[in-house]
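Hello,

Here is the structure we talked about. My notes on it follow below.

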Amino acid sequence: MEAIPKPREALRVPPNLADYAAVRAGFSWEGARAELDGLPGGRGLNIAHEAVDRHAGGALADKVAIRWLGKAGAAQDYSFARLAAESNRFANALRALGVGAGDRVFALTGRIPQLYFAALGAWKNRSVFCTLFSAFGPEPIRMRMALGDAAVLITTEALYRRKVAQIRAALPMLRHVLVVREGGELPEGAHDFDALLAGQSDAFEIPPTDPEDMALLHFTSGTTGTPKGAVHVHQAVVAHHATGKLALDLHADDVFWCTADPGWVTGTSYGIIAPLSLGVTSIVDEADFDAERWYEILAREQVSVWYTAPTAIRMMMKSGTELARSRPVPRLRFLASVGEPLNPEAVRWGVEAFGLPFHDNWWQTETGGIMVANFAAMEIRPGSMGKPLPGIEAAVVRQEKDGTVTLIEDPDSEGELALKRGWPSMFRGYLGQPERYAKCFAGDWYLTGDLAKRDADGYLWFVGRKDDVIKTSGHLIGPFEVESVLMEHPAVAEAGVIGKPDPVAMEVVKAFVSLRAGHEPSEALAREIMAHARKRLGAVVAPKEIAFSPSLPKTRSGKIMRRLLKARELGLPEGDTSTLESG
Ligand code: ATP
Ligand code: MG
């Protein structure tokens with residue numbers, strides 16, 4: 001596999017991690033913690049203090065922390081001092097409502113400023129913050145709030161009317177609903193969010209916070225089944241801070257844009273906590289994906305570090321390289337991606353479109369922060385997730401029948417990706433499912449459920465999820481490898497690959513493909529794509545069947561749901577589809 005040379009622009013700024021081996025050798029989580037302040041007087045560690053209060057009380061008070069871009073075009077800047085004051089008001093409001101430590105504060109809103117005040121204020125009050133993606137339907141919302149024992153819900157007038165009103169009676173534990181007004185009536189029994197805050201003091205002293213106090217409840221994406229509620233604690237901020245610096249290479253004068261919604265873990269860990277704790281200015285865009293709008297934002301806001309996802313990158317690729325090149329982005333210097341495997345094609349497209357490659361990194365809701373990354377200073381091997389973060393020990397393992405794990409040392413051998421437990425942002429439980437949590441661990445190792453291999457130079461390569469691996473004629477095939485090769489074909493925009501049961505081979509590889517603009521499905525095209533795949537992968541691994549589809553089923557966070565492709569192929573029940581993107 002060819003390496004991508006470092007373009008000159010990318011090296012303008014000396015990387016925070018210049019020498020991987022040296023930084024790794026010198027790294028300790030105690031040292032990382034020492035870069036944070038801790039609560040004054042040694043009263044513990046609280047995410048919100050690290051994210052805003054310590055900056056608001058210092059040289060960064062007036063610096064823009066969040067530049068919010070409204071759907072309709074308005075922009076509003078929030079300084080660290082302003083964020084500290086607004087979150088203090090929210091913390092005081094919670095206190096006035098009798099909401100305290102450990103109580104669950106849910107948010108169901110779009111990306112509006114109040115969401116950010118609420119997250120920070122909830123942490124100040126030592127309540128547990130939990131976001132719900134605003135496109136969820138009423139039942140997924142009810143289910144998550146019931147499981148999470150929601151005491152408070154913050155939402156908007158429109159979302160209340162469309163999604164909450166009908167489930168309100170089924171949520172007896174929900175004590176308070178705070179509604180952001182949009183010019184209409186306040187629902188009965190609800191509080192007016194802005195009016196409530198306006199009546200509060202903007203001073204609040206964060207009570208002593210144990211680093212192990214629960215801070216966040218995040219539901220997984222539901223790609224493989226029913227979403228799980230992962231519990232995170234305040235000291236996760238140590239990992240957010242360190243990984244924002246080392247993996248995303250954030251520097252003080254960066255303008256950072258994390259495109260993920262806080263309804264997913266990326267949108268909180270890196271859309272809120274990491275950049276704020278590093279004192280970096282972030283862009284928050286209220287609007288949904290739109291290629292032209294995104295290019296405009298990158299250019300106009302002078303974004304320098306951009307963290308996005310393969311699904312968005314593929315959509316941008318679909319809309320053409322010309323459009324990408326139509327606006328100069330001279331300040332852009334570091335591109336990163338997470339959430340799904342990043343096809344080598346997409347890495348290379350970054351170079352074509354922006355003169356910069358995308359840096360893939362890997363992590364999960366459970367890990368709370370980036371665990372494996374292509375670092376700024378490192379040579380990128382397109383298709384690889386990169387190397388483990390300093391402080392993270394990653395291994396490729398095999399779990400034996402007795403439950404113990406054996407490390408697989410041979411390069412390029414596949415096994416389950418495992419992480420040595422003990423990093424600060426590791427999840428502390430699956431809410432209400434202690435056995436399931438326990439099953440994720442074997443001794444000191446956390447088993448991720450993903451398969452990977454490590455090459456002789458220590459780069460990790462994603463093979464597939466354990467559940468998605470295809471067994472054909474005695475071979476194990478990861479869908480990612482096949483999908484990436486399919487994407488090399490100029491007509492292919494997206495590909496999802498499954499194993500279709502077969503009496504002889506056990507399973508055969510079947511591919512679902514959506515086409516780029518200007519290409520039409522045909523028998524001839526299917527044959528051409530299959531021939532390309534056979535040439536690149538060999539007859540055993542290449543798909544035996546191709547089905548064209550205008551789009552592939554995805555989670556609302558943009559992950560291809562192979563389990564749905566398979567269920568539909570086999571005519572089986574679809575299972576939990578609460579996170580399925582509609583339309
Ligand atoms: P669920 O656990 O409910 O099925 P999910 O695993 O998709 O959902 P997340 O925690 O949001 O929920 O996603 C983490 C998973 O996403 C990883 O375990 C991995 O399978 C995939 N993933 C994330 N980043 C990458 C990456 N860079 N390369 C390959 N896969 C990735
Ligand atoms: Mg998962």
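Cys440 has a relative accessibility of 12%, so it counts as buried, the limit being under 20%. This, like everything below, comes from a predicted model. Cys440 takes part in no disulfide, and the cysteine sulfur nearest to its own, that of Cys130, lies 19 Å away.

Cys130 is buried as well, with a relative accessibility of 1%. Its closest cysteine sulfur belongs to Cys258, and at 18 Å that is too far for a bond. A disulfide is a covalent bond joining the sulfur atoms of two cysteines. For the structure as a whole, the number of disulfides is zero.

Now the chain overall. It contains 18 helices and 27 strands. The C-alpha trace spans about 70 × 55 × 55 Å along its principal axes.

Of the 583 residues in the chain, 60% are buried. Among contacts with a separation of 6 or more, 71% are between residues 24 or more positions apart.

As for the surface, the accessible area of the chain is about 21,800 Å², and carbon and sulfur atoms make up 51% of that.

Regards

Conventions: Residues are numbered from 1 along each chain as its sequence is written. Chains are lettered from A and ligands numbered from 1 in the order in which they are written. This is a predicted model: local features need pLDDT of at least 70, side-chain atom pairs count only at pLDDT 80 or more; totals for chains, interfaces and linings use all residues. Side-chain values use heavy atoms; hydrogens and water are left out. Helices (H or I, at least four residues) and strands (E, at least two) are DSSP runs, numbered from the N terminus. Buried means under 20% relative accessible area, exposed over 50%, partly exposed in between (1.4 Å probe, protein chains only). Contact means heavy atoms within 4.5 Å. Accessible areas come from the Shrake-Rupley method with a 1.4 Å probe; for residues, only the protein chains shown count as cover. A disulfide is a pair of cysteine sulfur atoms within 2.5 Å.
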